[in-house]
Every structure is written in C-alpha cells, then in structure tokens.
Amino acid sequence: MLIDTSASQLVLIDLQAKLMPAMHESSFVLQNAVRLAQAARLMRVPVTVTEQYPEGLGETVPELADFAREPLVKTEFSAVDAGLIEVLQEIGTPKASPNLKSVPKHLQKAPTNNRTDIIIAGCEAHVCVLQTVMGLLEDFDVYVVTDACSSRTERNRDAAYDRIAAEGASLVTTEMVLFEWLRGSEHAQFKAVQGLIKV
C-alpha cells in the first residue's frame with residue numbers, strides 16, 4: 001500500500017545537537033531528515049519531534065527545530081513509553097463536531113485516528129528508533145526511512161533494519177516517501193518537492 005499524505009504523520013526521533021556528530025553518515029542522514037520535514041510542511045503532514053535527555057544530548061538540531069510543536073522529551077529509549085501514542089492519536093483524531101454536543105454520548109461515534117501511517121526518521125536506529133517502532137506496530141503502519149536514520153556504527157544500524165523489517169515495519173527511503181506523498185507530477189507541490197530532492 002502506498003503512503004498517503006492524508007494518513008501520514010512524521011516522527012523525528014532524537015536528532016539532537018550533541019548526538020548527531022557521533023552518528024554514521026550524520027550529515028547525509030540530517031539532510032534527508034530535513035527534506036522529509038520540509039516536504040511534510042508543504043503537504044500538511046503533522047511532525048512530532050522527540051528528544052532523549054536533552055540536558056546531556058542537547059536539543060533538536062537547529063535545522064529541524066521549527067518543524068514541530070514542543071518536543072516530546074524522554075528518558076525512556078522507546079518514545080512509546082514516554083507517551084508518543086497519545087501524542088499521535090491526539091494529532092490524528094479529528095476534533096468532535098460542535099453539533100455532536102447535543103447528541104447523547106451513547107449515540108456518538110468514537111473518534112478514530114485517521115493518521116495511522118507513521119513515518120520514522122532519527123537516531124539511534126538500533127536503540128530509540130527500534131524500540132519506538134516495536135511499540136507502535138500494534139496500532140499503526142510504520143515506515144522507517146533508512147537514509148534518514150543512523151547509529152554510531154553501520155553494523156548496529158543495519159542490524160536494526162533487519163529486525164525492524166522482520167517485525168513488520170516497512171523500510172523506505174526519503175525519495176520513496178516524497179514521491180508516494182505526491183503520487184504524480186500534477187500535484188500542486190510537485191515542483192517544490194522536486195526542488196528539495198535536487199538540492
């Protein structure tokens with residue numbers, strides 16, 4: 001199934017100032033994470049950012065700081081254990097219509113989360129990304145952007161991808177996500193997104 005903008009949320013995990021210099025291919029990974037965030041803004045895809053112990057690892061890198069609301073600050077490795085599912089459900093659930101207030105509660109339909117495709121980028125792939133993905137898989141369709149994730153070593157990163165795929169998440173690339181969001185060259189944001197790729 002193709003990734004759809006109306007069903008998508010982007011989660012950027014722990015792309016933090018003091019952590020990124022230690023990551024394998026960090027500049028390449030960060031460049032792709034920024035592309036994802038820029039395209040998400042153009043196409044109105046909600047963005048959530050997490051930060052692991054910012055007192056020690058620093059805040060989100062400046063290039064990404066303005067793309068989301070307040071970061072979800074955590075000490076747990078899995079962002080799910082820090083409340084990520086609640087954040088995603090709040091964003092993905094349409095606000096109740098004012099007209100529903102006059103309808104008895106037992107006749108009101110429970111709101112459903114209409115943004116269940118979670119696009120994940122971040123660090124470290126074998127720790128916080130992996131554990132977050134494992135926690136999300138029961139409730140969401142998860143897509144891990146392999147060229148926008150990293151670990152300190154290539155071996156740890158690749159082992160994470162093997163396990164993530166085995167558990168049922170989809171491995172994708174930045175361009176796969178962007179072109180699936182667009183679906184075709186007639187999309188209103190096609191030239192703008194194409195410009196992000198050509199940079």
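This is a predicted model: local features need pLDDT of at least 70, side-chain atom pairs count only at pLDDT 80 or more; totals for chains, interfaces and linings use all residues.
## Strand 1 and its two faces

Strand 1, which spans residues 8-13, is mostly covered, with 6 of its 6 residues buried. In a regular strand the side chains alternate between the two faces of the sheet. Here Ser8, Leu10 and Leu12 point one way from strand 1, while Gln9, Val11 and Ile13 point the other way, and the residues of both sets are buried.

Within it, Gln9, one of the buried residues of strand 1, stands opposite Ile118 of strand 4.

Strand 1 also pairs in the parallel sense with strand 2, residues 47-52, in this case over 4 bridges. Leu12, which points the other way from Gln9, has Val49 of strand 2 as its bridge partner.

## The crossover through helix 1

Strand 1 and strand 2 are also parts of a β-α-β unit that is right-handed and has helix 1, residues 26-42, as its helical member.

## Pro62 in a loop

Pro62 lies in the loop between helix 2, residues 54-57, and strand 3, residues 72-74. Because its relative accessibility is 65%, and exposed means over 50%, Pro62 counts as exposed. Along the chain Pro62 and Gln16 are 46 residues apart, and in the model their C-alpha atoms are separated by 8.8 Å.

Conventions. Residues are numbered from 1 along each chain as its sequence is written. Side-chain values use heavy atoms; hydrogens and water are left out. Buried means under 20% relative accessible area, exposed over 50%, partly exposed in between (1.4 Å probe, protein chains only). Two strands pair if DSSP finds at least two bridges between them. A crossover is right-handed if, with the strands pointing away from the viewer, the path from the first strand over the helix to the second runs clockwise.
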